Amino acid sequence: MPVEVDEALALRPGAVVVDATLGLGGHSLMMTEKIGPQGHLIGIDQDEAAIAIARDRLKGFSGRLDIVKSNFCGMDEVLSGLGVATVDAVLFDLGVSSLQFDAPERGFSFRSDGPLDMRMDAQAATTAEDVVNERSEKELGDLIFQYGEERFARRIAQRIVAARASMRIKTTVQLADIVLRSLPKGYQRDRIHPATRTFQALRIAVNRELDVLPDALGSAFSHLKPGGRMAVISFHSLEDRIVKQGFKALARQGSAALLTKRPLIPTDAEAADNPRSRSAKMRALERIM
Ligand SMILES: C[S@@+](CC[C@H](N)C(=O)[O-])C[C@H]1O[C@@H](n2cnc3c(N)ncnc32)[C@H](O)[C@@H]1O
């Protein structure tokens, strides 16, 4: 949603901006054009492979560029390490990048077989394989229900536990087959593949996506200058709820003005051009004190 981000952040030449989810640097590239040679871009990502690509794409930027491998929940440390106290804008574009999703060896997708990994940070301790094989049936059921909003979560957890009794579950296709076999015959709730929600749930659990978000939003806000802006793009209702509630709380306290009363969604043209953007929602605010 580059146009929406551009409008929401209202970047001026010389601005200091944090891209908290650098990814492949697409949004950063656009932001560097706005902030120009006097500007300062700080890019954060927990994925080293993404950082390498973004660094290369941003090499033409002549302003100050700092790229740091970190979870965005460590934004306080990242900024203090760079000697930066306040910034003009922060962008969060949550979720996985196409680089992560499309690489079978990263294990995010069941479209091709790969190891059940799903770590955005390849150095993180826990993989999806660990979660699937080591959590109790109750824990698995809860997490698939909560993070996947999957109504057959209990049946899926039951099948996983039965399957792993004879063999460790190691690959994406192995897990997708188990999920398929757990569902009632002919079950086709909507257009998505029946394993999509279970995979989403595991990815959220492995990367602790919902645990780190509230504090990260608070920390980012605390570094905004008065008049500074923050935009968050989320891809599922659980994330959007956290963003909505966090932003509302800041507005109620009188610290922020909401720039989006309702979340912005991609135009039909963008959704057609980039089908993955279909579920994107963007919210933005301005710090007023
Ligand atoms: C949707 S992509 C961002 C794409 C980017 N805006 C672009 O234009 O290329 C999300 C990125 O955020 C990173 N990410 C997600 N959660 C993170 C977290 N808690 N800390 C740091 N990076 C995170 C992922 O590794 C991924 O590279």
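Predicted model: local features only at pLDDT ≥ 70, side-chain atom pairs only at ≥ 80, totals over all residues.

Colleague: Let's begin with the ligand. Which residues are the closest to it?

Modeller: The closest are Thr21, Gly23, Gly26, Asp47 and Asp93, out of 19 residues that surround the ligand. Helix H2 (26–35) and strand S2 (40–45) are the elements that give two or more residues to that shell. By type, the shell divides into seven nonpolar, nine polar and three charged residues.

Colleague: What makes S2 a mostly covered strand?

Modeller: Five of its six residues are buried. S2 also has a partner: strand S1 (residues 16–19) pairs with S2 in the parallel sense, over four bridges.

Colleague: Which residue of S2 is the bridge partner of Val18?

Modeller: That's Ile42.

Colleague: And H2? Why does Glu33 count as exposed?

Modeller: Glu33, which sits in helix H2, has 12 C-beta neighbours inside 10 Å. The cut-off for exposed is 12 or fewer, so Glu33 counts as exposed. As for where Glu33 lies, its C-alpha is separated by 9.5 Å from that of Leu11, 22 residues apart along the chain.

Colleague: Then why is Glu129 called buried?

Modeller: Glu129 has 21 C-beta neighbours inside 10 Å, and buried takes 20 or more, so Glu129 counts as buried. Glu129 lies in helix H6 (residues 128–134). Leaving aside neighbours within four places in sequence, Glu129 is in contact with Pro115, Leu116 and Lys170. Val206 is 77 residues apart from Glu129 in sequence, yet 9.5 Å apart in space, C-alpha to C-alpha.

Colleague: How do you know that the buried residues of H12 are on the same side?

Modeller: The buried residues of H12 are Glu239, Asp240, Val243, Gly246, Phe247 and Leu250. They cover an arc of only 135° around the axis, which puts them on the same side of H12.

Colleague: What covers the buried residues of H12?

Modeller: The cover includes helix H11 (209–222) and the strands S5 (224–234), S6 (256–258) and S7 (281–287).

Colleague: How does the reach of H12 compare with what is expected?

Modeller: Helix H12 (residues 237–252) has 16 residues and reaches 22 Å from its first C-alpha to its last. That is close to the 22 Å expected at 1.5 Å a residue. After H12 comes Gly254, with a positive phi near 85°.

Colleague: Where are Ala10 and Arg208 found?

Modeller: Ala10 is in the loop between helix H1 (2–9) and S1. Arg208 is in the loop between helix H10 (196–206) and H11.

Colleague: And why do Ala10 and Arg208 count as partly exposed?

Modeller: Inside 10 Å, Ala10 has 16 C-beta neighbours and Arg208 has 13.

Methods
Residues numbered from 1 in each chain as written. Near = placed C-beta within 6 Å. Nonpolar A, V, L, I, M, F, W, Y, C, P; charged D, E, K, R; others polar. Expected span 1.5 Å × (residues − 1). Arc of directions from axis to C-beta. Contact = placed C-beta atoms within 7 Å. Pairing = 2+ DSSP bridges.
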